[in-house]
Amino acid sequence: MPQISIIIAMYNIEKYIAQCLHSCIDQQGVAIKEYEIIVVNDGATDNSLEVAENVLAGISNARIVTRINGGLSEARNTGLNEAHGEYVWFVDGDDIITPNAIAILLKNIRESHSDTYLCNYSLYDGNTILNTSHFSKEYSGMSGREIHNNHCCILPMMAWLSINRREFLLLNNLKFYPHILHEDFEFSIRAHHMANSIMIVDDALYLYRVDRVGSIMQQKQKDNSKSIKSYFTIIDSWRLFFYEQNEINTPFYKTICGSWASLLFRMIYGGEQDESTKALIKERWFNCILCLMKGTIKQKCMAVGILLTPNLLLKRFFGRKKTKFI
């Protein structure tokens with residue numbers, strides 16, 4: 001059985017998938033039997049599948065699974081169901097991993113055998129590394145509950161930074177919420193909270209591409225209806241999750257509710273919405289205010305400002321929020 005399953009969701013990324021796959025194939029200091037590569041073709045309509053098939057031809061530890069298009073969350077869930085590795089790593093098909101990534105992860109796994117490993121990452125433009133993260137190891141080795149409830153610390157919420165024990169995900173029904181944006185955030189909060197041990201890996205093992213045309217990070221859309229609807233869905237998912245864990249009144253739950261409500265109002269005042277989203281905002285308005293009132297002093301002030309003179313006072317709170325990250 002392989003130690004690590006690399007799961008790559010693929011949809012219309014023919015320009016980038018070959019580089020991603022080569023980075024996963026050309027791993028140094030590790031036998032191919034120690035990891036597998038699972039490409040989930042999510043109904044791509046360009047030449048992504050053909051490119052992937054050519055790159056992976058003759059590669060014994062790689063395979064392609066094709067499904068009807070269902071979105072990133074469903075593709076990742078399919079990969080999780082197909083995986084055989086003890087650990088799974090969700091790698092985006094337009095990014096790459098470093099040549100020694102698997103060897104470093106295996107070294108860390110053999111030393112601690114934790115539920116979750118969080119690695120550092122670098123931003124790159126396809127040729128040059130621009131800058132690299134340096135996550136604090138202050139919380140390394142703690143459980144997710146301890147990090148959240150005792151320190152109110154939000155860990156990095158990008159799914160591609162987390163390498164999780166597969167059995168841990170399956171036993172706790174930790175899968176990606178389908179048909180929403182910002183699915184990494186929804187998933188990561190739940191997965192981190194359930195982990196009995198989270199280790200921070202010093203090395204930057206992941207290179208995140210910043211120059212991809214058409215990526216969500218590159219898009220600046222006036223109509224942010226889908227994002228706002230996703231935010232409402234996510235906060236409902238978190239509320240149910242923490243309720244089921246009997247932790248609905250913990251400081252961390254209040255922190256993420258306040259932070260998420262703050263982001264929601266920034267979205268509402270920072271763009272346009274369709275009629276159905278406006279109706280949803282009107283319906284959920286007071287609940288969002290209550291979420292803000294659970295947050296930081298700054299978020300409480302934002303709630304008061306929205307209630308009194310929203311168009312004037314809200315602008316005073318558009319600065320970078322002081323939420324604690326590692």
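**Close-up views of a predicted model**

**View 1. Glu275 and Lys278 pair within helix α10.** Glu275 and Lys278 are three residues apart in helix α10 (residues 275-293), so about one helical turn separates them. Helices are DSSP runs of H or I with at least four residues, strands are runs of E with at least two, and both are numbered from the N terminus. The two side chains meet in a salt bridge (3.6 Å, N to O). A salt bridge is a side-chain nitrogen of Lys or Arg within 4 Å of a carboxyl oxygen of Asp or Glu. Glu275 counts as exposed, at 60% relative accessibility. Lys278 counts as partly exposed, at 41%. Buried means under 20% relative accessible area, exposed over 50%, and partly exposed in between (1.4 Å probe, protein chains only).

The model is predicted: local features need pLDDT of at least 70, side-chain atom pairs count only at pLDDT 80 or more, and totals for chains, interfaces and linings use all residues. Residues are numbered from 1 along each chain as its sequence is written, and side-chain values use heavy atoms, with hydrogens and water left out.

**View 2. Glu167 forms a salt bridge with Arg165.** The closest N and O atoms are 3.4 Å apart. Glu167 is partly exposed, at 46% relative accessibility. Arg165 is buried, at 17%. Side chains of opposite charge can pair when their charged atoms come close.

**View 3. Arg76, Asp92 and Asp184 are linked in a network.** The links in this network are salt bridges. A search of the whole structure finds 14 salt bridges.

**View 4. The second largest pocket holds about 300 Å³ of space.** Of the 14 residues that line this pocket, the closest to its centre are Asn173, Arg190, Ser237, Phe241 and Glu244. The elements that give two or more residues to the lining are α7 and α8. Helix α8 gives the most, with four residues. The lining divides into six nonpolar, four polar and four charged residues. Ala, Val, Leu, Ile, Met, Phe, Trp, Tyr, Cys and Pro count as nonpolar, Asp, Glu, Lys and Arg as charged, and the others, Gly among them, as polar. On a 1 Å grid over the protein atoms alone, a pocket is an open set of points where a 1.4 Å probe fits, with protein on both sides within 12 Å along at least five of seven lines; lining residues have an atom within 4 Å of a point. Grid points are joined across faces, edges and corners, and the volume is the space filled by probe spheres set on the points.

**View 5. Asn173 and Asn246 have positive phi values.** Neither residue is a glycine. Phi of Asn173 is near 50 degrees. Asn173 lies in the loop between α6 (166-171) and α7 (183-194). It is exposed, with a relative accessible area of 59%. Phi of Asn246 is about 60 degrees. Asn246 is found in the loop between α8 (225-244) and α9 (251-269). It is exposed too, with a relative accessible area of 72%.

**View 6. Ser48 is buried in helix α2.** The helix covers residues 48-56. Ser48 has a relative accessible area of 0%. Leaving aside neighbours within four places in sequence, Ser48 is in contact (heavy atoms within 4.5 Å) with Met10, Asn12, Ile13, Glu14 and Ile17.
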